[in-house]
Amino acid sequence: MDISDLTRKILDRREGEGSPLRIVQAGHPALRRRAVRAAERLPAELLRELVDAMAVTMRRAPGVGLAAPQVGLPLSLYVVEDSFASEPGEDPDDDLLERRPLPLRALLDPVLEPLGDQRVYAFEGCLSVDGWQSIVPRSRRVRLRAAELLDDGTLREVDEEHGGWTARILQHETDHLAGTLCHDVAVPRSFIDASYAPHYTDLGEAVRRLGLSGEIAELGPGEVMTR
């Protein structure tokens, strides 16, 4: 099926305009396909409608990112937004993970390049593996190159550096475009029901209770980053 026809079909499954799209779950083949290039693939109006629907879906879930494969569309596109993050000094956990507010953005055909050797360990969940988390190592800093869809419908080429939790979000969503779920690259044995996450706010507890080994076991108390 033509990608425009598939996009229209997915959008038309909504209960009504402004309603969220269905988020597909692990096992759906769209999550394991490599996404196709998004730029100039869809008519401008259809692309705008898709991005708006994906933003609604992400916010309703709620989540901080949503890739097109997660709604059944193998297109190299995602939306990101983190309105849950705090400002510096407001939350020690957010400070530790360098988590800061991220405005809504729609990115097409993103390419990420890790910067430096520092890796940060943290629990991640995925809207397409609902109710589960695992510890995923991510590069602390990345370079992002992509086309950003602006509010007026135009595309702007971006070449930026990002760090901390924003870098983690970008890596998570970019992985979706290659058919990779966060749990595929997680620390072995760290897969947990999300309701257990409060027991492992210190990764040392996860290492001890879950029997984790490797680089993560070398982190000191309260540490999340390798140097």
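Predicted model: local features only at pLDDT ≥ 70, side-chain atom pairs only at ≥ 80, totals over all residues.
Residues are numbered from 1 along each chain as its sequence is written, and side-chain values use heavy atoms, with hydrogens and water left out.

Let us start with helix H1, which covers residues 3-12. Helices here are DSSP runs of H or I with at least four residues, strands are runs of E with at least two, and both are numbered from the N terminus. The buried residues of H1 are Ile3, Ser4, Leu6, Thr7, Ile10 and Leu11, where buried means under 20% relative accessible area, exposed over 50%, and partly exposed in between, using a 1.4 Å probe and protein chains only. Viewed down the axis of H1, these buried residues fall within an arc of 160°, so they line one face of the helix; the arc is taken from the directions from the helix axis to the C-beta atoms. An α-helix has 3.6 residues a turn, so residues three or four places apart point the same way. Helix H2 (44-60) is included in what covers the buried residues of H1, with contact meaning heavy atoms within 4.5 Å. At the N-terminal end, Asp2 caps H1, placing a side-chain oxygen 2.8 Å from the backbone nitrogen of Ser4.

Next come the strands, which pair if DSSP finds at least two bridges between them. Strand E3 (residues 102-125) pairs with strand E2 (residues 77-82) in the antiparallel sense over 5 bridges, and Val79 stands opposite Ala106 in E3. E3 also runs antiparallel to strand E4 (residues 132-149), joined by 14 bridges; here Leu115 has Arg141 in E4 as its bridge partner. The hairpin of E3 and E4 has 6 residues between the strands, and Gly131 takes a positive phi near 90° there. Strand E7 (residues 225-226) is joined to E3 by 2 bridges, again antiparallel, with Val120 opposite Met225.

Gly131 leads us to Asp193, which touches both Gly131 and Trp132, not counting residues up to four places away in sequence. Asp193 lies in strand E6 (residues 192-193). Is Asp193 buried or partly exposed? With a relative accessible area of 29%, Asp193 is partly exposed. Its side chain makes a polar contact with the side chain of Ser195 at 2.7 Å. A polar contact is a pair of N or O atoms within 3.5 Å; within protein, one must be able to donate a hydrogen and the other to accept it, and residues adjacent in sequence count only if both atoms are side-chain atoms.
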